[in-house]
Amino acid sequence: MIMDFLRNNVIAAVVLAVVRVYVGWQWLTAGWGKAFGEFDAGGFLQGAIGNEAVQETYPTYHAFLEGFALPNADLFSFMVAWGEVAVGLGLILGVLTTAAAFFGITMNFAFLFAGTVSSNPFLVLLTIFILVAGYNAGKFGGDRWVIPALRDKVFKGKITPSDQKNQAA
């Protein structure tokens, strides 16, 4: 019943549009200063690597940060800054909403695993609703035109809305 409401109800689509724009604005404002200012993820990565709680609780993630992310801090600086901007724009415009929400929640969890809290848990909670709602979260946005065009051009009619409902059930 709740899944049907989130995925198909017009009122839910309106509420989700508001939630989507709010979450998108949070991402866009966080990434804008990083993308167009001086941002270096190296300090953040050093702090996460030095955090004993991260070392003990997430040893594999700690090894990833130490062995891969820190040596490539410039690449990660670029990916974080522009990833936050892209997620924000995707959510605000409602274009590829589910993909934007997925990459946003992935970054939220990466930040949480690194030992930060900030607004990440709240954004994770809101993003879960966007992900569960799927297409309905972007119904009042660019997805109204983008998703049908993708179905026609990429999938050439192989996937229909009724197929998606059957797969979700």
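Where in the chain is the place of Leu96? The close-ups below start there, in a predicted model.

**View 1. Leu96 sits in the loop between α6 and α7 (97-113).** Helices here are DSSP runs (H or I, at least four residues; strands are E, at least two), numbered from the N terminus. Leu96 is not a glycine, yet its phi is positive, at about 50°. With a relative accessible area of 40%, Leu96 is partly exposed; on this scale buried means under 20%, exposed over 50%, and partly exposed in between (1.4 Å probe, protein chains only).

**View 2. Ser118 also has a positive phi, near 50°, in a residue other than glycine.** Look for Ser118 in the loop between α7 and α8 (120-133). Its relative accessible area is 67%, so Ser118 is exposed.

**View 3. Lys34 and Glu84 form a salt bridge.** The term is used for a side-chain nitrogen of Lys or Arg within 4 Å of a carboxyl oxygen of Asp or Glu, and the count by this rule comes to one. In this pair the closest N and O atoms are 3.0 Å apart. The bridge links distant parts of the chain, as Lys34 belongs to helix α2 (residues 10-35) and Glu84 to helix α6 (residues 73-93), 50 residues apart. Lys34 is partly exposed, with a relative accessible area of 24%, while Glu84 is buried at 2%. As background, side chains of opposite charge can pair when their charged atoms come close.

**View 4. Glu38 lies in the loop between α2 and α3 (42-50).** Glu38 counts as exposed, because its relative accessibility is 85%.

**View 5. Helix α9 (residues 143-153) holds the buried residues Asp143, Ile147 and Arg151.** Viewed down the axis of α9, its buried residues fall within an arc of 60°, so they line one face of the helix; the arc is that of the directions from the helix axis to the C-beta atoms. An α-helix has 3.6 residues a turn, so residues three or four places apart point the same way. On the face of α9 turned away from its buried side are the exposed residues Trp145, Asp152 and Lys153.

**Notes for all views.** Residues are numbered from 1 along each chain as its sequence is written, and side-chain values use heavy atoms, leaving out hydrogens and water. In this predicted model, local features need pLDDT of at least 70 and side-chain atom pairs count only at pLDDT 80 or more, whereas totals for chains, interfaces and linings use all residues.
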